Amino acid sequence: MRTFDLSPLYRSTVGFDRMANLMDQLLAADTAQPSYPPYNIEKTGDDAYRISIAVAGFGEDDLNIEVKEGQLTVTAKKTPAEGDKPVYLHRGIAERGFERRFQLADHVRVAGADLSTGLLHVDLVREIPEALKPRTIAIRSSANENKTIEA
(Lines give C-alpha, C1' and ligand atoms only; values in the text may rest on other atoms or scores of the structure.)
Protein backbone atom coordinates (compact mmCIF):
# COMPACT_ATOMS: atom_id res chain seq x y z
CA MET A 1 0.00 0.00 0.00
CA ARG A 2 1.32 3.42 -0.93
CA THR A 3 1.49 6.18 1.68
CA PHE A 4 1.26 9.87 0.93
CA ASP A 5 2.89 12.71 2.84
CA LEU A 6 0.48 15.64 3.14
CA SER A 7 2.79 17.90 5.15
CA PRO A 8 3.53 20.15 2.11
CA LEU A 9 -0.22 20.78 1.90
CA TYR A 10 -0.25 22.02 5.49
CA ARG A 11 2.73 24.31 4.90
CA SER A 12 1.45 25.97 1.72
CA THR A 13 -2.23 26.56 2.49
CA VAL A 14 -4.17 28.67 4.91
CA GLY A 15 -7.70 27.85 6.03
CA PHE A 16 -7.87 24.40 4.44
CA ASP A 17 -7.39 22.51 7.70
CA ARG A 18 -10.69 20.66 7.37
CA MET A 19 -9.85 19.47 3.85
CA ALA A 20 -6.41 18.31 4.93
CA ASN A 21 -7.89 16.47 7.91
CA LEU A 22 -10.39 14.75 5.62
CA MET A 23 -7.57 13.64 3.34
CA ASP A 24 -5.65 12.29 6.34
CA GLN A 25 -8.73 10.36 7.49
CA LEU A 26 -9.32 8.90 4.04
CA LEU A 27 -5.72 7.82 3.61
CA ALA A 28 -5.48 6.40 7.13
CA ALA A 29 -8.75 4.46 6.88
CA ASP A 30 -8.37 0.73 6.83
CA THR A 31 -9.45 -0.85 3.55
CA ALA A 32 -11.39 -3.50 5.47
CA GLN A 33 -14.30 -1.30 6.51
CA PRO A 34 -16.80 -2.98 8.79
CA SER A 35 -19.83 -4.17 6.85
CA TYR A 36 -22.20 -4.29 9.83
CA PRO A 37 -24.78 -2.94 9.73
CA PRO A 38 -25.50 -2.56 6.02
CA TYR A 39 -26.64 0.89 4.88
CA ASN A 40 -27.72 2.87 1.82
CA ILE A 41 -27.11 6.51 0.96
CA GLU A 42 -29.58 7.98 -1.51
CA LYS A 43 -30.20 11.37 -3.04
CA THR A 44 -33.85 12.25 -2.51
CA GLY A 45 -33.82 15.77 -3.99
CA ASP A 46 -31.54 18.49 -5.31
CA ASP A 47 -30.29 19.27 -1.81
CA ALA A 48 -31.69 16.32 0.15
CA TYR A 49 -30.19 12.97 1.09
CA ARG A 50 -31.20 9.93 3.13
CA ILE A 51 -29.06 7.40 4.96
CA SER A 52 -30.90 4.15 5.64
CA ILE A 53 -29.30 1.71 8.09
CA ALA A 54 -30.55 -1.84 8.71
CA VAL A 55 -31.14 -2.02 12.47
CA ALA A 56 -33.18 -5.19 12.89
CA GLY A 57 -33.75 -5.98 16.55
CA PHE A 58 -33.05 -2.44 17.81
CA GLY A 59 -35.68 -0.06 19.16
CA GLU A 60 -35.67 3.71 19.49
CA ASP A 61 -34.21 3.50 23.00
CA ASP A 62 -31.27 1.39 21.74
CA LEU A 63 -30.21 3.91 19.07
CA ASN A 64 -28.36 7.20 19.37
CA ILE A 65 -27.75 9.76 16.60
CA GLU A 66 -25.24 12.57 17.16
CA VAL A 67 -23.74 15.28 14.97
CA LYS A 68 -20.48 16.82 16.10
CA GLU A 69 -17.94 18.82 14.10
CA GLY A 70 -19.36 17.80 10.73
CA GLN A 71 -19.54 14.11 11.54
CA LEU A 72 -22.75 12.10 11.91
CA THR A 73 -22.41 9.18 14.32
CA VAL A 74 -25.06 6.49 14.69
CA THR A 75 -24.56 4.09 17.59
CA ALA A 76 -26.62 1.19 18.82
CA LYS A 77 -26.39 -0.67 22.07
CA LYS A 78 -28.87 -3.39 22.91
CA THR A 79 -30.25 -3.09 26.41
CA PRO A 80 -30.54 -6.52 28.04
CA ALA A 81 -34.11 -7.73 28.30
CA GLU A 82 -35.44 -8.30 31.79
CA GLY A 83 -36.69 -11.74 32.70
CA ASP A 84 -35.96 -15.04 31.03
CA LYS A 85 -33.40 -15.06 28.26
CA PRO A 86 -34.58 -16.93 25.18
CA VAL A 87 -32.88 -20.15 24.14
CA TYR A 88 -32.03 -19.84 20.45
CA LEU A 89 -31.94 -22.84 18.16
CA HIS A 90 -30.60 -20.57 15.42
CA ARG A 91 -29.60 -16.93 15.83
CA GLY A 92 -29.32 -15.09 12.51
CA ILE A 93 -30.21 -11.57 13.67
CA ALA A 94 -27.02 -10.17 15.12
CA GLU A 95 -28.36 -7.46 17.46
CA ARG A 96 -24.79 -6.58 18.33
CA GLY A 97 -23.89 -3.03 19.12
CA PHE A 98 -22.30 -0.85 16.47
CA GLU A 99 -21.01 2.60 15.70
CA ARG A 100 -21.23 3.95 12.16
CA ARG A 101 -19.73 7.33 11.19
CA PHE A 102 -20.49 9.54 8.20
CA GLN A 103 -18.55 12.67 7.30
CA LEU A 104 -20.96 15.46 6.36
CA ALA A 105 -20.18 18.12 3.78
CA ASP A 106 -20.28 21.78 4.75
CA HIS A 107 -23.80 23.17 5.27
CA VAL A 108 -25.42 19.72 5.54
CA ARG A 109 -27.66 19.30 8.55
CA VAL A 110 -29.73 16.43 9.89
CA ALA A 111 -33.40 17.18 9.19
CA GLY A 112 -34.78 14.23 11.12
CA ALA A 113 -34.73 10.50 11.74
CA ASP A 114 -37.34 7.78 11.44
CA LEU A 115 -37.35 4.13 12.52
CA SER A 116 -39.66 1.83 10.58
CA THR A 117 -39.67 -1.78 9.36
CA GLY A 118 -36.20 -2.46 10.76
CA LEU A 119 -34.60 0.52 8.99
CA LEU A 120 -33.31 3.71 10.54
CA HIS A 121 -33.73 6.56 8.06
CA VAL A 122 -31.69 9.72 8.69
CA ASP A 123 -32.71 12.61 6.44
CA LEU A 124 -30.12 15.23 5.55
CA VAL A 125 -30.54 18.64 3.93
CA ARG A 126 -27.90 20.90 2.41
CA GLU A 127 -28.68 24.52 3.23
CA ILE A 128 -26.29 27.01 1.68
CA PRO A 129 -26.31 30.31 3.59
CA GLU A 130 -27.50 33.37 1.65
CA ALA A 131 -24.05 34.94 1.94
CA LEU A 132 -22.54 32.01 0.00
CA LYS A 133 -25.17 31.80 -2.75
CA PRO A 134 -24.31 33.34 -6.11
CA ARG A 135 -25.69 36.81 -6.62
CA THR A 136 -25.77 39.27 -9.48
CA ILE A 137 -23.96 42.56 -9.04
CA ALA A 138 -25.37 45.61 -10.83
CA ILE A 139 -22.85 47.50 -12.91
CA ARG A 140 -22.95 51.27 -12.79
CA SER A 141 -21.57 53.36 -15.56
CA SER A 142 -19.46 56.33 -14.49
CA ALA A 143 -20.36 58.13 -17.75
CA ASN A 144 -24.04 58.23 -16.76
CA GLU A 145 -23.31 59.62 -13.29
CA ASN A 146 -21.39 62.67 -14.63
CA LYS A 147 -24.13 63.80 -17.00
CA THR A 148 -26.24 66.68 -15.83
CA ILE A 149 -29.64 67.46 -17.21
CA GLU A 150 -30.09 71.04 -18.32
CA ALA A 151 -33.54 72.50 -18.52
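Predicted model: local features only at pLDDT ≥ 70, side-chain atom pairs only at ≥ 80, totals over all residues.

Guide: Residues are numbered from 1 along each chain as its sequence is written, and side-chain values use heavy atoms, with hydrogens and water left out.

Visitor: What is the order of the three strands in the open sheet?

Guide: Strands are DSSP runs (E, at least two residues), numbered from the N terminus, and two strands pair if DSSP finds at least two bridges between them. Strand E3 (63-68) and strand E5 (98-103) are the edge strands, each pairing on one side only. With antiparallel pairing, the order is E3-E4-E5.

Visitor: Which residue in E5 is the bridge partner of glutamine 71?

Guide: Strand E4 (residues 71-76) runs antiparallel to E5, and six bridges join them. In E5, the partner of glutamine 71 is glutamine 103.

Visitor: How are the rings of tyrosine 36 and phenylalanine 98 arranged?

Guide: Rings of Phe, Tyr and Trp (its six-membered ring) pair if their centres lie within 6.5 Å; planes under 30 degrees apart count as stacked, over 60 as edge-to-face and the rest as tilted. Here the centres are 6.0 Å apart and the planes are at 90°, so the pair of tyrosine 36 and phenylalanine 98 is edge-to-face.

Visitor: Which residues form one aromatic cluster?

Guide: The rings of phenylalanine 58 and phenylalanine 98 also pair, with centres 5.8 Å apart and planes at 85°. Both of these phenylalanines are buried (under 20% relative accessible area; exposed is over 50%, partly exposed in between; 1.4 Å probe, protein chains only). The cluster consists of Tyr36, Phe58 and Phe98.

How values were computed
Helix = DSSP H or I, 4+ residues; strand = E, 2+ residues; numbered from the N terminus.
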